Amino acid sequence: MQTANGSGNVEIAIQSLRNHVEELGVKAMDLCQQHFNLVMAENKLKSWDEKSVLFVQTRMRGNSLTANWYEIGWYGSKTAMTRRMTKRLITRQKGDYGYNMAVLLKLAQPWEIEMIQTIEPELREIRREVTLTSKAIILLKHANKTE
């Protein structure tokens, strides 16, 4: 039988794990922002053919985190004011926490390759850590209910 103190310890552990997920989310958002800042600064100086078509976005929901890469495209006329942006999700490798670097680098501009090679391995580790931490939270909640 679970004691009141034991239940409190489980809740403290769960909250600690949730805090860790939030910290990882902040770190992932910072990495995405670094890429965005580079792209925005460089795209202003480049022709259409030299602009980046990659965008990485992080989303936190509860105890989960996604950090997805998108390919950006444009359609419509700029002069007719009908130009619209499209985002196509780049699929991740199955059974892995990260993206295939060859796929990302194929879409990357030469000036952003180094940034992508730095960011994606860090995002891969964050995705892995969040997944494992979320599983631990679920297991602790389940154990707390059954005892």
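Modeller: A word on terms before you start: helices here are DSSP runs of H or I with at least four residues, strands are runs of E with at least two, and both are numbered from the N terminus. Also, keep in mind that this is a predicted model.

Biologist: Okay, in which helix does arginine 127 lie?
Modeller: The helix in question covers residues 113-146, and 127 falls inside that run. So arginine 127 belongs to helix H3.

Biologist: Is arginine 127 buried or exposed?
Modeller: Its relative accessible area is 3%. The cut-off for buried is under 20%. So arginine 127 counts as buried.

Biologist: Which backbone oxygen lies 2.7 Å from a polar atom of the side chain of arginine 127?
Modeller: Two backbone oxygens come up around that side chain. The one from tyrosine 97 is 2.9 Å from a polar atom of the arginine 127 side chain. The one at 2.7 Å belongs to alanine 67.

Biologist: Leaving aside neighbours within four places in sequence, which residues is arginine 127 in contact with?
Modeller: Contact here means heavy atoms within 4.5 Å. With the sequence neighbours set aside, the list for arginine 127 is Ala67, Trp69, Arg92, Tyr97, Gly98, Tyr99 and Glu120.

Biologist: On to the largest pocket: which element gives the largest share of its lining?
Modeller: Helix H1 and strands E1, E2 and E3 each supply at least two lining residues. The top contributor gives 5 residues, and that is H1.

Biologist: How do the residues of that lining divide into nonpolar, polar and charged?
Modeller: The lining has 17 residues, and Met40, Asn43, Ser52, Ile72 and Trp74 lie nearest the centre of the pocket. Sorted by type, the lining comes to 10 nonpolar, 3 polar and 4 charged.

Biologist: How much space lies in the largest pocket?
Modeller: Rolling a probe the size of a water molecule over the atoms shows where empty space is left. For the largest pocket, the space comes to about 440 Å³.

Biologist: What kind of pair do the rings of tryptophan 48 and tryptophan 74 make?
Modeller: The structure holds 3 aromatic pairs. In this one the ring centres are 6.3 Å apart and the planes sit at 75 degrees. Planes over 60 degrees apart get one particular label, so the pair of tryptophan 48 and tryptophan 74 is edge-to-face.

Biologist: How many residues apart are tryptophan 48 and tryptophan 74?
Modeller: Tryptophan 48 is in the loop between H1 and E1, while tryptophan 74 is in strand E2. The pair links distant parts of the chain, and the gap is 26 residues.

Biologist: And the rings of phenylalanine 55 and tyrosine 70, what sort of pair are they?
Modeller: Their centres are 6.4 Å apart, with planes at 35 degrees. Stacked needs under 30 degrees and edge-to-face over 60. The angle falls between those cut-offs, so the pair is tilted.

Biologist: Last one: how far apart in space are valine 26 and methionine 60, C-alpha to C-alpha?
Modeller: Valine 26 sits in helix H1 and counts as exposed at 57% relative accessibility. In sequence, valine 26 and methionine 60 are 34 residues apart. Their C-alpha distance in space is 9.3 Å.

Terms used:
Residues are numbered from 1 along each chain as its sequence is written. This is a predicted model: local features need pLDDT of at least 70, side-chain atom pairs count only at pLDDT 80 or more; totals for chains, interfaces and linings use all residues. Side-chain values use heavy atoms; hydrogens and water are left out. On a 1 Å grid over the protein atoms alone, a cavity is a set of points where a 1.4 Å probe fits but cannot get out, and a pocket is an open set with protein on both sides within 12 Å along at least five of seven lines; lining residues have an atom within 4 Å of a point. Grid points are joined across faces, edges and corners, and a volume is the space filled by probe spheres set on the points. Ala, Val, Leu, Ile, Met, Phe, Trp, Tyr, Cys and Pro count as nonpolar, Asp, Glu, Lys and Arg as charged, and the others, Gly among them, as polar. Buried means under 20% relative accessible area, exposed over 50%, partly exposed in between (1.4 Å probe, protein chains only). A polar contact is a pair of N or O atoms within 3.5 Å; within protein, one must be able to donate a hydrogen and the other to accept it, and residues adjacent in sequence count only if both atoms are side-chain atoms. Rings of Phe, Tyr and Trp (its six-membered ring) pair if their centres lie within 6.5 Å; planes under 30 degrees apart count as stacked, over 60 as edge-to-face and the rest as tilted.
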